[in-house]
Each structure stands twice: as C-alpha cells, then as structure tokens.
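Biologist: Can you take me through this model? Keep it plain.

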Amino acid sequence: MKKNIAFIGCDLKLCDEAAQKFSDCTDRYFLSIEGLCCYYACKPSKQDVVNLLGIDLFNKFFAKAISDAIEYENTTLSINVLDMDIMWLEKLKQSAVMILLGNSKAELLKLGADKQGYVRQRYKKFYDIYINADKKSADMVVNETFALIKRFTSEE
C-alpha cells in the first residue's frame, strides 16, 4: 500500500492549495517539495535559490527533497512537474499515489509551460489519477480526488 499522496502538475499554486486542503481533511502532513528546497537553501523562494545559488544547486536540493519525501509516511506532497526529472517520478511513484493535475494547452501557455503542452502524455505512466484542473478551484480538485482515490486507500 502506498503511504503518501502526491499532487503533481504545472500549476504549483493549485497543487499546493489542493494538497494542503486534502491534508487538512485527512489528518495527513502537508509538504511542498519546493518549500523544502527553499528550507534546505535557507532562502524564501525558488527564485531566490536559483538567482543567488544557481539552478544546479536548486536541482540538488530538489533531488534531496524528493529522496527524503520517499521515506515519509502519511504525507500529502505538492510538486511542480516542470522542476522534476523523470527519474524522481519513477522513484516517488513507488511510495505515493500520484495525482496529476492536468491542464489544456491554453492553460499551460498561461502558466508559462508551453514546452510541456504534452504533460498528460509525457507523465502518463507516472500518475495513478488524472484530474483535468482547468478553471477548477482547490476545493473542486479535492472533492474530485476523494471520489477517485478510494481504490488506492481502501486498506488504510
């Protein structure tokens, strides 16, 4: 049985809000992987980490954060897939129910993720649940998650 739940997508704000709300409803811990990277770097934001320390160091912090998160239990994670190497998705999928918050090409362009216009196809083998997140609030995403996640958590 997978011990964590990971909200992944290109809209980090929505992933964070949905993961936090889901955690609140289920008495799970909440962890933003980007937030953990900033904590490791002692910087307030990803932009500060990248600007002051460089993208290579941010990627090292990201790898450490994912590696640490794999060991956690009863945690809801929030992850921006644009920061993530496919290798980490493979490892994370072993310990977490992966929920991809997908967007249409138009929404991806608004998020500045035009290179990822094929997100659903690229990450298809890594997610357990796909939720079309276009124009949805975090509450709507959480409600849909509860409807879909039962088959993964019924033994908990």
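Modeller: One term to begin with: contact means heavy atoms within 4.5 Å. This is a predicted model, where local features need pLDDT of at least 70 and side-chain atom pairs count only at pLDDT 80 or more, while totals for chains, interfaces and linings use all residues. Residues are numbered from 1 along each chain as its sequence is written, and side-chain values use heavy atoms, with hydrogens and water left out.

Biologist: Fine. What is the strand order in the open sheet?

Modeller: The order is β2-β3-β1-β4-β5, five strands with parallel pairing. Two strands pair if DSSP finds at least two bridges between them. Strands (E, at least two residues) and helices (H or I, at least four) are DSSP runs, numbered from the N terminus.

Biologist: Which strands are at the edges?

Modeller: β2 (29–32) and β5 (129–132), each pairing on one side only. From one strand to the next, the twist averages 20°.

Biologist: What lies across β1, β2 and β3?

Modeller: Helix α4 does, running at about 155° to β3. Angles run from 0 to 180 degrees between N-to-C directions, and axes are lines fitted to C-alpha atoms, for helices over the stretch in contact. Helix α1 (residues 12–26) also packs on the sheet, where it touches β1, β2, β3 and β4, and its direction makes about 175° with that of β3.

Biologist: How is β3 paired with β1?

Modeller: In the parallel sense, over six bridges between β1 (residues 4–9) and β3 (residues 75–80). I5 has T76 as its bridge partner in β3, and F7 stands opposite S78. Four bridges join β2 to β3, with Y29 opposite T75.

Biologist: Why is β3 called largely enclosed?

Modeller: Because six of its six residues are buried. Buried means under 20% relative accessible area, with a 1.4 Å probe and protein chains only. T75, L77 and I79 point one way, T76, S78 and N80 the other.

Biologist: Switching to helices. At what angle do α3 and α4 pack?

Modeller: About 130°, with the axes of α3 (residues 46–53) and α4 (residues 55–71) 7 Å apart. The two are therefore oblique to each other; that word covers what is left after under 35 degrees (roughly parallel), over 145 (roughly antiparallel) and 65 to 115 (roughly perpendicular).

Biologist: Which residues of α3 and α4 make the contact?

Modeller: K46, V49, V50 and L53 from α3, and I55, L57, F58 and F61 from α4.

Biologist: Last one: where does S95 lie?

Modeller: S95 is in the loop between α5 (86–93) and β4 (96–102). Its relative accessibility is 7%, so S95 counts as buried. Leaving aside residues up to four places away in sequence, S95 touches K2, K3, N4 and I70.

Methods:
Buried means under 20% relative accessible area, exposed over 50%, partly exposed in between (1.4 Å probe, protein chains only).
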